[in-house]
Amino acid sequence: MSVTQQQVLDALSKVMSPRGVALPHANVLSAITVTDGKVFFSVNVDAAEARAWENVRAQAETAVRAIPGVTVAMIALTAERKPGSATPPPVPKPHSHSHGHAGGVQPVASHRPPQGGQNPMSKQAEIAGIAAIIAVASGKGGVGKSTTALNLALGLRDQGLRVGLLDADIYGPSVPRLTGIHEKPQLNAERKMIPITRFGLSIMSIGFLVEEDTAMIWRGPMVMSAITQMLRDVAWGTLDVLVVDMPPGTGDAQLTLAQNVPLKGAIIISTPQDLSLIDARRGLAMFKKVNVPVLGIVENMSYFQCPHCGTRSDIFGHGGARHEAEKLGVPFLGEIPLHMSIRATSDAGTPVVDSEPDGPHAAIYRAIGAKVREQLQGVIAAA
Ligand SMILES: Nc1ncnc2c1ncn2[C@@H]1O[C@H](COP(=O)(O)OP(=O)(O)OP(=O)(O)O)[C@@H](O)[C@H]1O
Ligand SMILES: [Mg+2]
């Protein structure tokens, strides 16, 4: 049975808004995306009104999920902040729901409460059952972030930890390919998505929900909302570590994400090239800005290792990341060679740490995992 937009609107017409009219008439809804039983849209309100709308968002979600045939409903509450103002305006201007994006759109959760206040939607809302959430990030794309995130998760698994992997790269989720997972998550009795278990990891990706060739168009605020919901509407169970594969770059979306996910630390992946190091520095600066400790830098594609004779060639002028880490006073976690079998196993959905556990690459990822674990000792032990 295919769900239609009209069905969604009908369901929403039973949800009252704080404006005294039904939700579809409150002039706050984004376009509604319905793909194969999955419904995505956002509710855009003024920052100052946001609290009053949180409940409405939840009701809307419940109403949409009750439509027969709906498997996933992700509804974002987004609040607009006037460009240039550091805090939400105290008094909302009536009818100010312009959709201008001049730096003013912020998800609700990023709005700081007045001094000392406890904002229930702030990033401080940790996720029950997860001891530590860590981000794997890079300043630029294509440096091997996803490959490293998955193999590092497996390295942590080999430390005897309970580990999850969240693919937060909603623009280009690669975890389905890297893990070979092509099934859809089921819902549990509380209608939370059950992560897919593979290689002893609990794994979730937006790529499990949409067809590979479905172009997902995400407006800025929806990015955050989709990711927070993948964090909070997933039955993760008890985990020592949840590794988050971040979208590439250090733009607004990444900053907001870093700010809103209760991160215990971040790991920056860099290649040895200078350009990438500059990007890595941007990544460091981003996490600093949001007070997330950087657990260290990993140099990926650090040197070329010949698949035939094993000879090592430092084709990129290796060692840059280690040097950079020293200069910046950030731990250096390790170097991963550029090697055919890392690429081949990634493409085959059989990550190298799992498929060649006795090989040299698995040992490298496990050593990185051990260093990361060491740094999280207090946090994990406390769980
Ligand atoms: N150490 C390595 N040796 C050989 N190939 C690698 C290595 N690390 C990553 N790759 C390959 O490089 C490509 C990019 O890697 P990956 O997808 O992990 O990067 P990414 O930073 O997540 O990219 P994106 O920015 O697109 O998300 C993949 O084909 C992957 O198999
Ligand atoms: Mg990636």
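**Notes on the predicted model**

1. Let me start inside the protein, with Val243. Not counting residues up to four places away in sequence, Val243 touches Ile134, Val136, Ala149, Ala153, Leu156, Val163, Gly164, Leu165 and Leu166. Please keep in mind throughout that this is a predicted model.

2. The largest nonpolar core holds 87 residues, and Val243, Phe287 and Val372 are the ones with the most contacts inside it. There is also a second, separate core of 24 residues, with Val8, Ala26, Val56 and Leu77 among its members.

3. Now for the chain as a whole. The protein chain has eleven helices and 13 strands. It is 383 residues long, and 54% of them are buried. If you take the contacts between residues at least 6 apart in sequence, 75% of them join residues at least 24 apart. The chain exposes about 16,400 Å², of which carbon and sulfur atoms supply 54%.

4. Which residues are closest to ligand 1? They are Gly142, Lys145, Ser146, Thr147 and Pro337, out of 18 residues that surround the ligand. By class, this shell is made of seven nonpolar, eight polar and three charged residues.

5. An oxygen atom of ligand 1 sits 2.8 Å from a backbone N or O atom of Gly142. For Gly144, a backbone N or O atom is 3.0 Å from an oxygen atom of the ligand. Asp169 takes part through its side chain, where an N or O atom is 3.4 Å from an oxygen atom of ligand 1. On its own, ligand 1 has 640 Å² of accessible area, and the protein covers 85% of that. The elements that give two or more residues to the shell are helix H3 (145-157), strand S11 (294-305), strand S13 (332-338) and helix H9 (340-347).

6. Is Ser138 buried or exposed? With a relative accessible area of 2%, Ser138 is buried, because the cut-off for buried is under 20%. A polar atom of the Ser138 side chain lies 2.7 Å from the backbone oxygen of Lys140. Leaving aside neighbours within four places in sequence, Ser138 is in contact with Val143, Lys145, Pro248, Gly249 and Ile269.

7. Phi of Asn27 is near 65 degrees, and Asn27 lies in the loop between helix H1 (5-12) and strand S1 (33-35). Asn27 counts as exposed because its relative accessibility is 61%. Phi of Phe199 is near 55 degrees, and this residue is placed in the loop between strand S7 (196-198) and strand S8 (201-205). Phe199 has 17% relative accessibility, so Phe199 counts as buried.

8. Strand S8 also contains Met204. Met204 is buried, with a relative accessible area of 0%. Leaving out residues up to four places away in sequence, Met204 touches Leu165, Leu166, Asp167, Pro185, Met193, Leu209, Met230, Val234 and Trp236.

9. Leu161 lies in the loop between H3 and strand S6 (163-167), and is buried at a relative accessible area of 8%. Leu161 and Arg373 are 212 residues apart in sequence, yet their C-alpha atoms are 8.9 Å apart in space. Not counting residues up to four places away in sequence, Leu161 touches Leu156, Asp240, Val241, Arg373 and Ile380.

10. My last point concerns a buried glutamate. Where is Glu324 found? Glu324 is in helix H8 (residues 320-328). Glu324 has a relative accessible area of 6% and is therefore buried. Apart from its neighbours within four places in sequence, Glu324 is in contact with Leu277 and Arg281.

Key: Residues numbered from 1 in each chain as written. Chains lettered and ligands numbered in written order. Predicted model: local features only at pLDDT ≥ 70, side-chain atom pairs only at ≥ 80, totals over all residues. Heavy atoms only, no water. Near = heavy atom within 4 Å. Polar contact = N/O pair within 3.5 Å; in protein donor to acceptor, adjacent residues only side chain to side chain. Areas by Shrake-Rupley, 256 points an atom, 1.4 Å probe, with all protein chains shown as cover. Helix = DSSP H or I, 4+ residues; strand = E, 2+ residues; numbered from the N terminus. Nonpolar A, V, L, I, M, F, W, Y, C, P; charged D, E, K, R; others polar. Core = buried A, V, L, I, M, F, W, Y, C linked by side-chain atoms within 4.5 Å. Buried < 20%, exposed > 50% of the residue type's maximum accessible area, 1.4 Å probe, protein only. Contact = heavy atoms within 4.5 Å.
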